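Please open the structure in a viewer and keep the selection tool at hand.

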Amino acid sequence: MAQLDKKPAPGDFSHRPGEPFDVFYNRTSAEYKKLTDVSDNLKPGEIVGAVLQFPAADGYALYRVSKERPLTLQHIPFGDAWQVDPALIRGLRRVDIERKIEQNRRLQSLFSAKK
């Protein structure tokens, strides 16, 4: 069973006073891309660094696996910063995370540009 880290995922996702929205969005998108680049390049069997999406409201709640033992997830406060009910996080097992990683890989291969 997983637990929720008290600290959010690494990166500066906060809105700075006076920061125009487009600057905020571009800056936080770059922070999020750093996390997804790590996630997209995990070796088979690795889960630390995986970015997970869970449907929430009109978008997704985003989390990052920060530790394998004990299984720990960090919230990624990107975009609308949706969060899921903590009970969902507590119910996750390693096998659930491995399935989500594999689903993401299959989706990426389906929709990636052909080279």
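## First stop: an aromatic pair

Select phenylalanine 54 and tyrosine 63, both of which are buried. The model is a predicted one. The rings of phenylalanine 54 and tyrosine 63 form an edge-to-face pair, with 6.0 Å from centre to centre and 65° between the planes. The count of aromatic pairs comes to six. For a further group of rings, select Phe13, Phe21, Phe24, Tyr25, Tyr32 and Phe78, which ring pairs link into a cluster.

## Second stop: the sheet

Display the strands next. In what order do the four strands of the open sheet stand? The order is β1-β4-β3-β2, and the pairing is mixed. The edges of this sheet are β1 and β2, each of which pairs on one side only.

Now move to β4 (72-75).

Continue to β3 (59-67). Strands β3 and β4 run antiparallel and are joined by four bridges. Select valine 65 to find its bridge partner in β4, leucine 73. A hairpin of four residues connects β3 to β4.

Finish the sheet at β2 (51-56). Six bridges join β2 to β3, and these two strands run antiparallel. Glutamine 53 may be selected together with leucine 62 in β3, which it stands opposite.

Select residues 21-40, the helix α1, which lies across β2 and β3 and runs at about 115° to β2. Helix α1 has 20 residues and reaches 27 Å from its first C-alpha to its last, close to the 28 Å expected at 1.5 Å a residue. Which residues of α1 are buried? They are Phe24, Arg27, Thr28, Glu31, Tyr32, Leu35, Thr36 and Ser39. Strands β2 and β3 are included in what covers the buried residues of α1. Two of the buried residues, Phe24 and Tyr32, also belong to the aromatic cluster visited at the outset.

Select residues 94-111 to display α3, which has 18 residues. From its first C-alpha to its last, α3 reaches 26 Å, close to the 26 Å expected at 1.5 Å a residue. The buried residues of α3 are Asp96, Ile97 and Ile101. Because these residues cover an arc of only 140° around the axis, they are on the same side of α3. An α-helix has 3.6 residues a turn, so residues three or four places apart point the same way.

To see what covers the buried residues of α3, display β2, β3, β4 and α2 (86-91), which are included in the cover. Helix α3 lies across β2, β3 and β4, and runs at about 90° to β2.

The last selections concern backbone geometry. Most residues other than glycine have a negative phi, and most peptide bonds are trans. Several loop residues may be inspected with this in mind.

- Alanine 57, in the loop between β2 and β3, has a positive phi near 50°. Alanine 57 is exposed, with a relative accessible area of 67%.
- Alanine 81, in the loop between β4 and α2, has a positive phi of about 60° although it is not a glycine. At 27% relative accessibility, alanine 81 is partly exposed.
- Proline 70 is in the loop between β3 and β4. The peptide bond from arginine 69 to proline 70 is cis, with omega near -10°.

Conclude with proline 20, in the loop between β1 and α1. Is proline 20 buried, partly exposed or exposed? Its relative accessible area is 44%, so proline 20 counts as partly exposed. A distance drawn from the C-alpha of proline 20 to that of leucine 73 gives 30 Å, the two residues being 53 residues apart along the chain.

Technical notes: Residues are numbered from 1 along each chain as its sequence is written. This is a predicted model: local features need pLDDT of at least 70, side-chain atom pairs count only at pLDDT 80 or more; totals for chains, interfaces and linings use all residues. Side-chain values use heavy atoms; hydrogens and water are left out. The expected span of a helix is 1.5 Å times one less than its number of residues. Buried means under 20% relative accessible area, exposed over 50%, partly exposed in between (1.4 Å probe, protein chains only). The arc is that of the directions from the helix axis to the C-beta atoms. Contact means heavy atoms within 4.5 Å. Two strands pair if DSSP finds at least two bridges between them. Axes are lines fitted to C-alpha atoms, for helices over the stretch in contact, and angles run from 0 to 180 degrees between N-to-C directions. Rings of Phe, Tyr and Trp (its six-membered ring) pair if their centres lie within 6.5 Å; planes under 30 degrees apart count as stacked, over 60 as edge-to-face and the rest as tilted.
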